[in-house]
Amino acid sequence: MRLDALGDAALSPPELLSGGGGLVGTAADYNRFAQMLLHEGELDGVRLLGTRTVRYMTQNHLPGRADLEAFGRPLFAETTFDGVGFGLGFSVVDDPLKGKVLSSAGDYGWGGAASTAFWVDPAEDLTCLFLTQLLPSSTHPIRPQLKQLVYQALVD
């Protein structure tokens, strides 16, 4: 079912500036953002963030290095957060085995309410960006299935 009002809302100034809520951009720009993170703050030869800043942002900052499953509150996500901590703006995989989804320790990213997802995996020199409009995100386990498929496709 289409809900054009959500798209139309992007054509006028927001009533409330709410960080991640209501941001508008292109898939190409989001991909460039992910590439900048993968290259520790540099894109097309221009440094936008310091390498130490990116490394600091992408470490688990939860008290005692807890995971989101133990520390957080239950939300609408279609997956558990076992083995996944939180940095400064990103979920961070601390223990891929606990999460029961193929990934690398240290990969980081986030998912949106409409089942969108992105992640950066420095160990595999990989970024993934998945854009969709499936609400709520708990409708189908797209994100863990996508991650499983991407990592199964990697060849050494």
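This is a predicted model: local features need pLDDT of at least 70, side-chain atom pairs count only at pLDDT 80 or more; totals for chains, interfaces and linings use all residues.
In which sense do β5 and strand β6 pair, and over how many bridges? They pair in the antiparallel sense, over 4 bridges.

**The paired strands**
- Strand β5 covers residues 108–111, and its antiparallel partner β6 covers residues 117–121.
- Within this pair, Gly109 has Trp119 of β6 as its bridge partner.
- The hairpin of β5 and β6 has 5 residues between the strands, and Ser115 in this hairpin takes a positive phi near 70°.
- Strand β4, made of residues 91–93, also pairs with β5 in the antiparallel sense, over 2 bridges.
- Here Val92 finds its bridge partner in Tyr108 of β5.

**Helix α2 and its cover**
- The 12 residues of α2 should span 16 Å at 1.5 Å a residue, and this agrees with the model because the end C-alpha atoms are 16 Å apart.
- Four residues to look for in α2 are Ala34, Met36, Leu37 and Leu38, which are buried.
- The cover over the buried residues of α2 includes the strands β5 and β6, along with β1 (42–43), α3 (51–57) and β7 (126–130).
- Just after α2 comes Glu40, with a positive phi of about 50°.

- Together with Tyr30 and Leu131, Phe33 makes a nonpolar surface patch of about 260 Å².

Key:
Residues are numbered from 1 along each chain as its sequence is written. Side-chain values use heavy atoms; hydrogens and water are left out. Two strands pair if DSSP finds at least two bridges between them. Patches are made of residues with over 30% relative accessible area and no salt bridge: like charges are joined within 9 Å, nonpolar side chains (Val, Leu, Ile, Met, Phe, Trp, Tyr) within 5 Å. Accessible areas come from the Shrake-Rupley method with a 1.4 Å probe; for residues, only the protein chains shown count as cover. A salt bridge is a side-chain nitrogen of Lys or Arg within 4 Å of a carboxyl oxygen of Asp or Glu. The expected span of a helix is 1.5 Å times one less than its number of residues. Buried means under 20% relative accessible area, exposed over 50%, partly exposed in between (1.4 Å probe, protein chains only). Contact means heavy atoms within 4.5 Å.
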